[in-house]
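Work through the exercises below with the model open beside you. Try each task before reading its solution.

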Amino acid sequence: MDIQLLTGEKAVAQIPALIPVAAAIFDDGDRFATLTEDAAEKLGLMLLLAWDGDDCLGFKVGYRRSEEHFYSWLGGVLQERGARVSPAA
């Protein structure tokens, strides 16, 4: 497994790769329709992605709310026995 850390515009560019994973974890695809746009508005955006080859297994998104406050916004990991989701899905 590889862990990828991205910030700023590079993080925003990878948000579409985690949307299928978020939809699978939270069983609510409609909830994430504006996630890319919402993430683009966050200052100090940070994204962690867990990859097994081309399969995204989990993620964590957070952003800076102030100089002293980092907000842990959204994240999750697919269950081991659950289906793995390709970013192209």
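**Exercise 1.** Find what joins E3 to E4, and through how many residues.

Solution. A hairpin makes the link, through two residues. Strands here are DSSP runs of E with at least two residues, helices are runs of H or I with at least four, and both are numbered from the N terminus. E3 and E4 pair in the antiparallel sense over eight bridges; two strands count as paired if DSSP finds at least two bridges between them. Next, check who faces whom. Phe 59 stands opposite Gly 76 in E4. Gly 62 stands opposite Ser 72 in E4.

A note on the source: this is a predicted model, where local features need pLDDT of at least 70, side-chain atom pairs count only at pLDDT 80 or more, and totals for chains, interfaces and linings use all residues. Residues are numbered from 1 along each chain as its sequence is written, and side-chain values use heavy atoms, with hydrogens and water left out.

**Exercise 2.** Give the strand order of the sheet, then say which strands stand at the edges.

Solution. Start with the order: E1-E2-E3-E4, an open sheet of four strands with antiparallel pairing. E1 and E4 (69-77) each have a single partner strand, so one side of each lacks a neighbour in the sheet. The twist averages 15 degrees from one strand to the next.

**Exercise 3.** Locate the bend in H1, and list what covers its buried residues.

Solution. H1 spans residues 8-26 and bends by about 45 degrees at Ala 17. The bend is the angle between axes fitted to the seven residues ending there and the seven starting there. Pro 20 follows within four residues. Among the buried residues of H1 are Ile 15, Ala 17, Leu 18 and Pro 20; buried means under 20% relative accessible area, with a 1.4 Å probe and protein chains only. Their cover includes E1 (2-7), H2 (35-40), E2 (46-52) and E3 (55-66). After H1 comes Asp 27, with a positive phi near 55 degrees.

**Exercise 4.** Which residues does Leu 47 contact beyond its neighbours within four places in sequence?

Solution. Count heavy atoms within 4.5 Å as contact. The partners include Leu 5, Ala 11, Ile 15, Leu 18, Phe 59 and Val 61.

Definitions and conventions: Buried means under 20% relative accessible area, exposed over 50%, partly exposed in between (1.4 Å probe, protein chains only). Axes are lines fitted to C-alpha atoms, for helices over the stretch in contact, and angles run from 0 to 180 degrees between N-to-C directions.
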